[in-house]
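Colleague: Could you walk me through this model? I have a few quick questions.

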Amino acid sequence: MYCNRCGNQFDHTYTNVCPSCGNVMDTTNYNQPDIAPEQSYNPQQPIQNTSPDTSTTVLVWSIIGLAFAIYPYVSFLGIIFSYIARKKLKEYLESHNNIYTGKIRTSNILSTIGLITSIVMSVIYVILFIAICAGVSIGLSNFYY
């Protein structure tokens with residue numbers, strides 16, 4: 001049997017519901033020929049996209065990048081997350097003809113601040129680490145003399 005909604009062929013002896021589109025078929029007076037119908041798939045309700053909005057995804061990556069940028073000793077993760085946000089922002093703008101919405105403007109600002117902050121904080125923490133190691137080394141060398 002062929003579905004009169006989507007054209008999918010299925011065995012009507014086991015079910016009267018099309019496994020492809022879910023259309024309930026009346027099989028009581030079935031005398032349909034075993035040829036595919038000439039109609040195209042025309043659903044009554046369009047399938048809704050369940051994937052999250054791309055602008056929201058970019059905003060989330062920007063916020064994560066900024067959060068890790070100011071967190072001590074893992075600010076290098078802020079560089080990674082902010083870079084991912086900048087990359088997704090660029091992809092979004094290319095696919096939407098460089099149209100800035102509120103979320104995209106906010107993402108642009110947050111990812112830029114996150115990237116700059118995480119670079120500066122990473123450098124500060126590296127200098128601090130070197131200074132502490134040098135201080136401990138000098139302190140230990142004076143301790144033995």
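Colleague: How much of the chain is buried?
Modeller: Buried residues are 22% of the 145 in the chain; buried means under 20% relative accessible area, exposed over 50%, and partly exposed in between, with a 1.4 Å probe and protein chains only. Bear in mind that this is a predicted model, where local features need pLDDT of at least 70 and side-chain atom pairs count only at pLDDT 80 or more, while totals for chains, interfaces and linings use all residues. Residues are numbered from 1 along each chain as its sequence is written, and side-chain values use heavy atoms, with hydrogens and water left out.

Colleague: And the secondary structure, what does it come to?
Modeller: Three helices and zero strands, in the order α-α-α along the sequence. Helices (H or I, at least four residues) and strands (E, at least two) are DSSP runs, numbered from the N terminus.

Colleague: Which residues make up the largest nonpolar core?
Modeller: Six of them: Cys3, Cys6, Phe10, Cys18, Cys21 and Met25. Another core, of five residues, lies apart from that one and includes Val58, Leu89, Leu93 and Ile104. A nonpolar core here is a set of buried Ala, Val, Leu, Ile, Met, Phe, Trp, Tyr and Cys residues joined through side-chain atoms within 4.5 Å.

Colleague: Ile104, then. What does serine 55 touch?
Modeller: Serine 55 touches Ile104, along with Tyr92, Lys103 and Ser107, not counting residues up to four places away in sequence. Contact means heavy atoms within 4.5 Å. Serine 55 is in helix 1, residues 54–70.

Colleague: Why does serine 55 count as buried?
Modeller: Because its relative accessibility is 4%.

Colleague: Switching to helix 3. Is tyrosine 125 buried or exposed?
Modeller: Tyrosine 125, which lies in helix 3, counts as buried because its relative accessibility is 18%. Leaving aside neighbours within four places in sequence, tyrosine 125 contacts Tyr71, Pro72, Tyr73 and Ser75.

Colleague: How far apart are tyrosine 125 and valine 74?
Modeller: They are 9.4 Å apart in space, C-alpha to C-alpha, and 51 residues apart in sequence.

Colleague: What about the surface, which residues form a nonpolar patch?
Modeller: Tyr73, Leu128, Ile132 and Val136 do, with about 410 Å² of accessible area together. Valine 136 is in helix 3, residues 102–143, and is partly exposed because its relative accessible area is 47%.

How values were computed
Patches are made of residues with over 30% relative accessible area and no salt bridge: like charges are joined within 9 Å, nonpolar side chains (Val, Leu, Ile, Met, Phe, Trp, Tyr) within 5 Å. Accessible areas come from the Shrake-Rupley method with a 1.4 Å probe; for residues, only the protein chains shown count as cover. A salt bridge is a side-chain nitrogen of Lys or Arg within 4 Å of a carboxyl oxygen of Asp or Glu.
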